[in-house]
Amino acid sequence: MHAPVLVLKDSLKRESGSKVHHANIQASKAVADIIRTTLGPRSMLKMLLDAQGGIVVTNDGNAILRELDIAHPAAKSMIELSRTQDEEVGDGTTSVIVLAGEMLHVAEAFIEKNYHPTVICRAYNKALEDALAVLDKIAMDIDVKDRTAMLGLVKSCIGTKFTSQFGDLIADLAIDATTIVGVDLGQGLREVDIKKYIKVEKVPGGQLEDSKVLKGVMFNKDVVAPGKMRRKIVNPRIILLDCPLEYKKGENQTNAELVKEEDWGILLKMEEEYIENICAQIIKFKPDLVITEKGLSDLACHYLSKAGISAIRRLRKTDNNRIAKACGAVIVNRPDELQESDVGTGAGLFEVKKIGDEFFAFIVDCKEPKACTVLLRGASKDLLNEVERNLQDAMSVARNIIKNPKLVPGGGATELTVSATLKQKSSSVEGIEKWPYEAAALAFEAIPRTLAQNCGVNVIRTMTALQGKHANGENAWTGIDGNTGEITDMKERKIWDVYNVKAQTFKTAIEASCMLLRIDDIVSGIKKKQAPGAGPTKPQIETEADADNEQILPE
């Protein structure tokens, strides 16, 4: 008899025993089943309604799971895996959930046979170590400077995405953007900060083919006085400020008592002189463009336009940082601290253009920019959102290659090689851990099996043929072509994966399944709402049958 489920004081609910393991495994499998069909190039798309009532059409595992509202704690932690994978390496968000779901699924049989979860976890961790060793063995180095190889790799990694139908376009954009913002750290290491220095600007209209990477920055602003200020400047001198160009207001309420009538005039004159003084300090450096994150008064605007200077106000801090990186300027906090070295001279052109019915300022043709903007054009907002998600994945892949230039075969070949090696090694594992170790080896086959299912080929025949080819170790690069479902050599078809992504997928999936297996109690401290006027309820004992009726996922 399993331990009963006890509800204490109506606010503390506790489940324990193997029932919890069973519930956790079922919840995790349910999450994996939701996105199983989105793995591979011939995958299905999902249409989701988000909280605001808008629609999202995507086959990105993380984007789908992000929109789900699930109550079960184990299912929530599975969703967290996908988010971690997305933040860490940006790709493999679907694979990690499918693999973790399968790892838990094969563990269920051992839980029912009363294996201790710690034994299963030990076997899984041993399998993880051996799997990473196999990855190191079959990995192949790549030259980061070889653009065609990079293009092929990024293309094969985002071949499973919606935008793969547009050919090289997204891969090209991703490689261009990451190459621009890469920073050398010495010792052959390069750091690429996608979040900070690559801005994706989505402008509906035009064709997707019009999308491009700007060697500089664009932002949704116009000059302060369009009639008086220049909208196109070649080789501009740029000053970036982080202070208001208007009269300072007191921190708290200030009362000034004026005795004479002339005092009022003097007060106004002091304000004007203060602004004139600030502008004079700026004009001294002969800039062509002044950009500030704060406000800019009409008077300051007048002085600047008289000196032939264009001005832009209330710019976002993140945009200002990108402009500084692109044109070599330094953001200054006080105009009286300005120096010649703070002026940015790296930009080739400043121009304000009208796209659709909005004005965009471009600071482009920069010399050695360390920040860039990817301008995306497309027919609709939904299309642009999906293209942006795919572009983020492509840029993450490019960043991973720059960080660690190693390849492993795609199309399920890596998983099959790992599986075959672990099966052979399982015979040398001693004791009770041998069986969970072998089960982990089988679980790796979930990825190629799902790929075969999504291609619409005969899964059993394909998997048997693949296992046969890998069992005798003839070629580690044999896998499934996700488009046709044929069994081919991944090297010939140029179907590759990044080493970082695969290693992270294995680590995250196995460590997470170990964590979920080691949970033997779920204690919930959420209070149930009582009807007004109702007294405290008595503790009640629930039977096992009641626990089984609880829903894992909302209908």
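This is a short chat about how a predicted protein model is packed.

Q: How many helices and strands does the protein have?
A: There are 19 helices and 24 strands in this predicted model.

Q: And how much of the protein is buried?
A: Of the 555 residues, 51% are buried.

Q: What share of the contacts with a separation of 6 or more links residues 24 or more positions apart?
A: That share is 74%.

Q: Let's talk cores. Which residues have the most contacts inside the largest nonpolar core?
A: Ile97, Tyr124, Phe444 and Leu517 do. The core itself has 60 residues.

Q: Why would nonpolar side chains be found together?
A: In soluble globular proteins they tend to be buried together.

Q: Back to Phe444. What is it in contact with, leaving aside neighbours within four places in sequence?
A: Phe444 is in contact with Leu99, Met103 and Ala131, and also with Glu415, Val418, Ser419 and Leu422. Phe506 and Ile510 complete the list.

Q: What about the second core, which residues does it include?
A: That separate core has 47 residues, among them Ile142, Ile198, Leu376 and Ala394.

Q: New topic: helices H7 and H12. At what angle do they pack?
A: H7, residues 169-181, packs against H12, residues 381-403, at about 50°. Their axes are 8 Å apart. That angle makes H7 oblique to H12.

Q: Is the crossing of H7 and H12 right-handed or left-handed?
A: The crossing is right-handed.

Q: Which residues make the contact?
A: H7 gives Ile170, Leu173, Ala174, Ala177 and Thr178. H12 gives Val387, Asn390, Leu391, Ala394, Met395, Ala398, Arg399 and Ile402.

Q: How do those divide into nonpolar, polar and charged?
A: Ten are nonpolar, two are polar and one is charged.

Q: Now H14. Which of its residues are buried?
A: In H14, residues 434-443, the buried ones are Pro436, Tyr437, Ala439, Ala440, Ala441 and Ala443.

Q: What covers them?
A: The cover includes helices H4 (93-112), H5 (117-138), H13 (413-426) and H15 (446-455).

Q: Does Asn24 count as buried or exposed?
A: Asn24 counts as buried, because its relative accessibility is 3% and the cut-off for buried is under 20%.

Q: Which residues is Asn24 in contact with, beyond neighbours within four places in sequence?
A: Asn24 is in contact with His72, Ala74, Leu516, Ile519 and Ile522.

Key. Residues are numbered from 1 along each chain as its sequence is written. This is a predicted model: local features need pLDDT of at least 70, side-chain atom pairs count only at pLDDT 80 or more; totals for chains, interfaces and linings use all residues. Side-chain values use heavy atoms; hydrogens and water are left out. Axes are lines fitted to C-alpha atoms, for helices over the stretch in contact, and angles run from 0 to 180 degrees between N-to-C directions. Helices (H or I, at least four residues) and strands (E, at least two) are DSSP runs, numbered from the N terminus. Angles under 35 degrees count as roughly parallel, over 145 as roughly antiparallel, 65 to 115 as roughly perpendicular and the rest as oblique. A crossing is left-handed if the near helix is turned anticlockwise from the far one by less than a right angle, and right-handed if clockwise. Contact means heavy atoms within 4.5 Å. Ala, Val, Leu, Ile, Met, Phe, Trp, Tyr, Cys and Pro count as nonpolar, Asp, Glu, Lys and Arg as charged, and the others, Gly among them, as polar. Buried means under 20% relative accessible area, exposed over 50%, partly exposed in between (1.4 Å probe, protein chains only). A nonpolar core is a set of buried Ala, Val, Leu, Ile, Met, Phe, Trp, Tyr and Cys residues joined through side-chain atoms within 4.5 Å.
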